[in-house]
Amino acid sequence: MHEAPAAELFDGEPSRGQSGAVPFWRASFVVMIGIVATTLAQHNLLARIPLRNLLKNDLHLDRTGMAAFLFVTGFAWYLQPLFGAMIDAFPLFGSRRRSYLIVGAALASGGWAITGLVPHDYAPLQLAMALTSSAMVLVSCATGGLLVETAQANGSAGKLAGIRQATNALCFLVGAPVSGYLAGTDFSWTALACAVVVAALVPVAAIFLPERHLPAQPVSALWHQLRTIGAARPMWAAGAIMLVFFIAPGTESALFFRQQNELRMTTGGQGWLVFAAYLAGIATALVYTRLCRQLSLQALLLIGIGANACTQALYLFYTSVPAAFVIEAINGTGFALAELAFLDLAARATPRGSESLGYALMISVRAFALFGTDIVGANLLDHHGWHFEGLVVVNTATSLLAMPLVFLLPRTLRAQRDM
């Protein structure tokens, strides 16, 4: 008996998507506003510098304490598959996407308003933000499901990945400097700004996303979703590759402390640093929308992983403010290339009919790895005598381990490109 070649271990036809009644431009517009709502109004953007500044300078947390707070606050993002399964299996008020977007955005907006009113102490702040994150995840899963449906129906996974990344980067271009400014005000202003942003999705979804009424589904519909996902070998292979790529010890909290303590940067300066990274990300996303029609998914994945490793290594020279701006801009390109390729892969590997669940599963892998490994990286610096440069070397080397795993994806999936 001959053994199957390594490239066929996860073989299986990727989903081609399904035709939807919503026109491409309408669905794309709602997806873009959904991305704005769940990106801009998040504790990692508008609240990014104000929250970290509060934790470091008011609550006096060290790097490990800050990373742990952020990890617990975002717990709902690691449970996205549960939200996705619920959305795919059970229409809400007869709607599979629209009602979830409206209800989730309304709850998230209210959650941010409450976050601005609670005392700025560890426990109440963390609880309020964790509950708000749960509502944000509901919106994110519904948006992701709509994105995948639209991509599969139109053969445009790469194009929509580029639109998503460009929208995400644009949010950071606007939000990063504002975040630096908000860090100099009371945290309640940050919460109010986030509440207003996410509330804007409610009228957009109501007006631009008409859906035919769907009947209520039995509980067995959830079991069907789980069985579909369990049998989706290409999707699990894609998730495994993403986990290996993102599992390296994180540098997020370490960089925040390095910027303030060693480079003596102000919160405003930190905001412009993020701006530089995502300005490069927008340019990269625009280029990707053309590359995805010319290159196979395999080539895009290998280029993205390799480029990210090279740019990540530049953090070894993160020793001055000018160097920090140059490095963040270059790394913004490398990371964007890798993330775009993974988003493209996620949309193509997700099974038809389980768009929210499949997409959420892979995005949750990314979120868990990024925030979880940040605790590991911070702990190595705070309690085990590691130096920042050592963390960079390990992070770079670990990311490269994902490159050979690309060849374990099904050939039919690796060969795909946009129409």
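Predicted model: local features only at pLDDT ≥ 70, side-chain atom pairs only at ≥ 80, totals over all residues.
Begin with the rings of the aromatic residues, among which the structure holds 10 aromatic pairs. Select Phe-71 together with Tyr-78, and you will find a stacked pair whose centres are 4.9 Å apart, with 25 degrees between the planes. Tyr-78 counts as buried, because its relative accessibility is 14%, and the cut-off for that word is under 20%.

Next, move to helix α14, which covers residues 267-294, and select Trp-272 and Phe-275; these two are 3 residues apart in the helix, so about one helical turn separates them. Their rings form an edge-to-face pair, at 5.0 Å centre to centre and with 65 degrees between the planes. Trp-272 counts as partly exposed, with a relative accessibility of 45%, and Phe-275 also counts as partly exposed, at 23%.

For a group of rings, select Phe-245, Phe-246, Phe-335 and Phe-342, which together form one aromatic cluster.

Gln-126 counts as buried, because its relative accessibility is 14%. If you show its side chain, you can follow it to the backbone oxygen of Phe-69, which it reaches at 3.4 Å. Setting aside neighbours within four places in sequence, the residues in contact with Gln-126 are Ala-68, Phe-69, Val-72 and Thr-73.

Key: Residues numbered from 1 in each chain as written. Heavy atoms only, no water. Phe/Tyr/Trp six-rings, centres within 6.5 Å; stacked < 30°, edge-to-face > 60°. Buried < 20%, exposed > 50% of the residue type's maximum accessible area, 1.4 Å probe, protein only. Helix = DSSP H or I, 4+ residues; strand = E, 2+ residues; numbered from the N terminus. Polar contact = N/O pair within 3.5 Å; in protein donor to acceptor, adjacent residues only side chain to side chain. Contact = heavy atoms within 4.5 Å.
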